[in-house]
Amino acid sequence: MMSRLLLVFCVLVSTERFVRAQFPYLGKCPELEVQKDFDIEKFSGRWYEIERTMSLIEIGSQCVTTNFSDTGYGDGSVEVVNEGLGPVCKKLRKSVRLVATLPDKNEPAKLSLRLSDLSLKTHYWILSTDYDNYAIIFACNHIWLTFKYARTENLWILGREREIPEDAMEKVHQRIDAMKDIRVKKLLRKVNQENCD
């Protein structure tokens with residue numbers, strides 16, 4: 001009985017957070033400048049989510065890491081593995097493995113994800129990174145059956161450590177503020193990276 005109540009509570013908390021943060025925008029996904037001369041080898045490895053907007057696959061997750069690696073398929077595709085702990089049920093470890101494809105080899109920072117067979121491809125773009133400290137990732141998904149006239153957006157700030165120094169975070173936020181076409185940037189929230197071990 002107690003476990004059912006805890007499960008219901010976890011679902012309610014997660015649903016409330018999802019509804020507040022992810023909602024549709026009218027129009028097509030914006031064309032944004034991405035990281036110039038993007039190098040997936042330098043980018044590969046473990047990153048920690050520092051801030052994010054809510055996304056369906058990460059509802060309320062804490063202690064989230066994202067690991068990027070070459071799939072080994074020889075086509076430029078990238079394995080993206082997200083892991084984290086549930087919001088209330090800390091013993092519940094979530095893990096999602098996705099494969100990001102490379103639609104155009106001339107633009108290696110513009111990856112494409114498909115979350116399921118029913119979803120449209122999601123733009124998964126590395127907007128900016130210095131490879132050693134921070135990365136800014138933007139995702140945009142045209143909503144199914146809207147003929148690309150509605151979309152959802154997501155934004156992540158990643159760090160190589162669980163925390164980015166305050167002065168560096170200020171510079172990251174200045175970069176994001178300069179990106180005028182991103183509607184969702186005001187919904188960025190800090191990801192809890194405490195007590196993760």
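Predicted model: local features only at pLDDT ≥ 70, side-chain atom pairs only at ≥ 80, totals over all residues.
Six salt bridges turn up when the whole structure is searched. A salt bridge here means a side-chain nitrogen of Lys or Arg within 4 Å of a carboxyl oxygen of Asp or Glu. Why pair up like that? Side chains of opposite charge can pair when their charged atoms come close.

Residues are numbered from 1 along each chain as its sequence is written, and side-chain values use heavy atoms, with hydrogens and water left out.

Let's start with Glu33 and Lys36, whose closest N and O atoms sit 3.9 Å apart. Glu33 is exposed, at 63% relative accessible area, and Lys36 is exposed too, at 59%. (Buried means under 20% relative accessible area, exposed over 50%, and partly exposed in between, using a 1.4 Å probe and protein chains only.)

Now look at Glu49 and Arg52: their closest N and O atoms are 2.7 Å apart, and both residues are buried.

Next comes Arg97, which bridges to Glu79 with 2.4 Å between the closest N and O atoms. Arg97 belongs to strand β5 (residues 93-100) and Glu79 to strand β4 (residues 78-85), so this pair ties together parts that are 18 residues apart in sequence. Strands are DSSP runs of E, at least two residues long, numbered from the N terminus. Arg97 itself is partly exposed, with 46% relative accessible area.

Note on methods. Helix = DSSP H or I, 4+ residues; strand = E, 2+ residues; numbered from the N terminus.
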